[in-house]
Amino acid sequence: MGTIGTSRVPPRPEGGVEVGTAVQPPPKPDPPARKLKIAMLAPPWVPTPPTGYGGIELVVSFLSEALVRRRHDVTLFAAPESRSSAILREVLPQGHPDEMERSLHEADHVGRVFDEVDRAAAEGRGFDLIHDHCGYTAVAMANRIDVPVVHTLHGPFTGDTAAFYSQHGGKAHLVAISDTQRAAAPAGTRIAGVVPNPIDLDEWPYQPDKGDYLLWVGRLNDAKGPHRAIAAARAAGTPLVLAGPVQPGEQEYFDREVAPHLDDDRVRYVGEVGGDRKRRLFAEARALLMPIRWDEPFGMVMVEALACGTPVIAFPRGAAPEIVRPGENGCLVEDEDEMAEAVATLGKIDPAACRSSVAERFGVDRVAAGYEEIYGAIVDRRDRPA
Ligand code: UDP
């Protein structure tokens, strides 16, 4: 078995997608009640933090940085070219951006980390817990390792995944990322808590003066609904910018539903975006459109838009009603026509209220404290004599 390389690399100072534009270093929080030794298990596909699309990797990066600031001993197991203030262990020799969810790579990645965790325990430097963000392998095998596994539920409960968690969920400590997601858990599945995804406010520019375009950002597929955003923007008579990757298997959808509507003037597709360009797109948009037709368990792009003072007009699916407060930071609408009508009401929404609506709920330290609470309860239970 290959060894996993160790290093401690500071997060990208600039030029990465999200990390590195903080103007001042964040204040040092009080030390946690108990210092924990945490094995943070990121997915094997792309670096943590990501250089482009990569919602889970971004969450893992923020959380790891916050836990290090809070003086925990964090080892981040991640794909090559990751950056972190935690002890960084690049697990596989290469990333697999074009083979996401291929079980061979996930099993290889998780198997190597479990071996490493076992080895650490045998050498008397064992971890208190593994925090897994990595698909399914670690959950299915969580009872085969002598360290508690906390698993963040990054995806929705569908027929397949609900059956999987019914079968294996009890082996790990499951954490939901929204109340909606927790409510959708299959009967009998124990959820240890709800901790939303974090955002680092320092990295998102507050911009009260908006440009004259609507924005849609995400993976271009039917459930996320860029074609519905196009219909709504057309009906509102406002230009639309679309950004995001066309993932494997989605080219036909893109060619059929999106490409025929593109022009350089009213509906523009700018591809996958990152860095300052992405932040500017969010900050200067009149609103973010979120015409989803699936129960999206969180929806990072909504929080990113709000952090910039950009309101969100969303369909009331998934976690959208938990993030969008109608009249205060956006609107909840039922269809494309209502979405178009809502564009005319955007003037009533105060950009400052948009930003403050996310600052308190989704700030990085708030989220890290939420996880600390869950970690503490799990480690306490384990320490208790049987
Ligand atoms: N994203 C990006 N570049 C793009 C499109 C999306 O960096 O071109 C980022 C976006 O800013 C967000 C994440 O990818 O941080 C998508 O997360 P979200 O929860 O919105 O959607 P998911 O794809 O996880 O369902």
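Here are a few questions and answers about this predicted model.

Me: Which two domains does the ligand lie between?
Reply: Look at who gives residues to the shell around the ligand.

Me: Which helix gives the largest share of the shell around the ligand?
Reply: Two helices, helix 1 (55-69) and helix 9 (300-307), each supply at least two residues of that shell. Among the 20 residues around the ligand, M300 and V301 are listed with G55, G244 and E272 as coming nearest. The largest share is 3 residues, and it comes from helix 9.

Me: Is W216 buried or exposed?
Reply: W216 sits in strand 9 (residues 214-217). Leaving aside neighbours within four places in sequence, W216 is in contact with P226, A229, L240, L242 and L289. The cut-off for burial is 20 or more other C-beta atoms within 10 Å. W216 has 27 C-beta neighbours inside that distance, so W216 counts as buried.

Me: What span should helix 1 have, and how far apart are its end C-alpha atoms?
Reply: Helix 1 has 15 residues, and 13 of them are buried. At 1.5 Å a residue the helix should span 21 Å, which agrees with its end C-alpha atoms, also placed 21 Å apart.

Me: Which residue with a positive phi follows helix 1?
Reply: Helix 1 covers residues 55-69. The residue that follows, with phi near 70°, is R71.

Key:
Residues numbered from 1 in each chain as written. Predicted model: local features only at pLDDT ≥ 70, side-chain atom pairs only at ≥ 80, totals over all residues. Near = placed C-beta within 6 Å. Helix = DSSP H or I, 4+ residues; strand = E, 2+ residues; numbered from the N terminus. Domains from an automatic or database assignment. Buried ≥ 20, exposed ≤ 12 C-beta atoms within 10 Å, placed from the backbone. Contact = placed C-beta atoms within 7 Å. Expected span 1.5 Å × (residues − 1).
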